[in-house]
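Here is a short briefing for a reader meeting this structure for the first time. Take a look at the sequence and the model, then go through the points by topic.

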Amino acid sequence: MASVGVTVRADGHGGFIDRLKHPSWWSDTPRAEVGDRLRAVVVDAARTPPRFSALPCDIRIARSLRHTEPLVRLCPPPGGGRVVNWSAVEGTLGIVLPADYKRLVEVYGGGVFAGILRLLEPDCPDAMYDLVAQTAEREEILAELWEAGEDKPSELQDGRARLVPWGYDEGTGLFLYWLVRPEAEPEEWTVVLNEGRGPLWEAHPMSCSQFLLEVVAGTTSSFYFTDLDDVVDPEDRNRFEPNSQIFNR
């Protein structure tokens with residue numbers, strides 16, 4: 001123990017959990033004692049000693065980010081990503097976006113994975129691929145379809161959830177959404193897929209980065225992406241093409 005937090009050992013290395021990061025300060029969890037085992041994640045490796053967090057929200061964020069590094073190794077970004085004013089974007093949308101999506105945009109920017117699946121980005125010069133513009137447009141289009149009698153996905157029947165698009169397949173018109181529930185943290189959102197030119201939907205209880213990783217790796221359970229090798233050039237399978245290259249063709 002220390003006067004301002006908890007010192008820890010992780011894999012033989014020392015670290016520190018600030019008092020403000022220890023869960024006992026917000027719950028009935030007993031105060032930490034020497035020898036206790038805590039589930040924690042690194043929040044600042046540059047500090048000496050490194051700073052850890054035992055908060056459930058930080059652990060969820062770390063779990064959601066664990067698929068971004070394998071995706072980068074499998075599908076390397078060709079250049080710099082984006083610097084985004086996330087506070088402004090989230091203020092416009094009225095939600096906090098998942099940490100793994102922010103990491104993807106910061107590393108890749110907007111563009112196309114595996115020759116088929118486009119990642120929407122904030123402030124894109126083309127409104128068709130802009131996160132904020134498509135959120136407004138898709139809400140309007142879906143409302144009109146449901147009003148016209150198309151079946152609404154069961155996940156939206158209680159009226160409190162909303163769909164926010166993050167991905168798009170231009171060839172089929174397919175959209176990928178987050179299922180945003182008010183009681184769920186962003187890292188707990190489900191990926192929901194709509195075939196675009198029909199009424200069929202899929203739900204995948206995973207992050208957008210995990211969904212992308214499985215599509216690129218060929219391990220996805222999605223009906224719409226299981227036969228990707230039949231429609232995608234093998235040279236494109238592990239390639240990311242940024243919007244900047246696409247728009248300058």
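The chain holds 7 helices and 11 strands. The model is predicted. Of the 249 residues in the chain, 46% are buried.

**Overall picture**

- The accessible surface of the chain is about 13,300 Å². Carbon and sulfur atoms account for 50% of that surface.
- Take the contacts in the chain with a separation of 6 or more: 53% of them are between residues 24 or more positions apart.

**The largest nonpolar core**

- In soluble globular proteins, nonpolar side chains tend to be buried together.
- Here the largest nonpolar core has 51 residues. W178 and F211 have the most contacts inside this core.
- Helices that give two or more residues to the core are α3 (86-93), α4 (99-108), α5 (131-147) and α6 (208-217). The strands that do so are β6 (117-119), β7 (162-169), β8 (174-180) and β9 (190-194).
- β8 gives the largest share of the core, with 7 residues.
- Which residues does W178 contact, leaving aside its neighbours within four places in sequence? The contacts of W178 include L97, P98, Y101 and L131. A run from R162 through L163, V164, P165 to W166 is also in contact with W178. W189, T190 and C208 complete the list for W178.

**Helix α6**

- Why is α6 described as largely enclosed by the rest of the structure? The reason is that 9 of the 10 residues of α6 are buried.
- The buried residues of α6 are C208, S209, Q210, F211, L212, L213, E214, V215 and V216.
- S209 is part of helix α6. Is S209 buried or exposed? S209 counts as buried because its relative accessibility is 0%, and the cut-off for buried is under 20%.
- The side chain of S209 makes a polar contact of 2.7 Å with the side chain of D100.
- G218 follows α6 and has a positive phi, near 80 degrees.

- β9 is joined by 4 bridges to β10 (residues 201-204), and the two strands run antiparallel.
- V191 has H204 in β10 as its bridge partner.
- The two strands, β9 and β10, form a hairpin with 6 residues between them. In the turn, G196 has a positive phi of about 90 degrees.

Key. Residues are numbered from 1 along each chain as its sequence is written. This is a predicted model: local features need pLDDT of at least 70, side-chain atom pairs count only at pLDDT 80 or more; totals for chains, interfaces and linings use all residues. Side-chain values use heavy atoms; hydrogens and water are left out. A nonpolar core is a set of buried Ala, Val, Leu, Ile, Met, Phe, Trp, Tyr and Cys residues joined through side-chain atoms within 4.5 Å. Buried means under 20% relative accessible area, exposed over 50%, partly exposed in between (1.4 Å probe, protein chains only). Contact means heavy atoms within 4.5 Å. Accessible areas come from the Shrake-Rupley method with a 1.4 Å probe; for residues, only the protein chains shown count as cover. A polar contact is a pair of N or O atoms within 3.5 Å; within protein, one must be able to donate a hydrogen and the other to accept it, and residues adjacent in sequence count only if both atoms are side-chain atoms. Two strands pair if DSSP finds at least two bridges between them.
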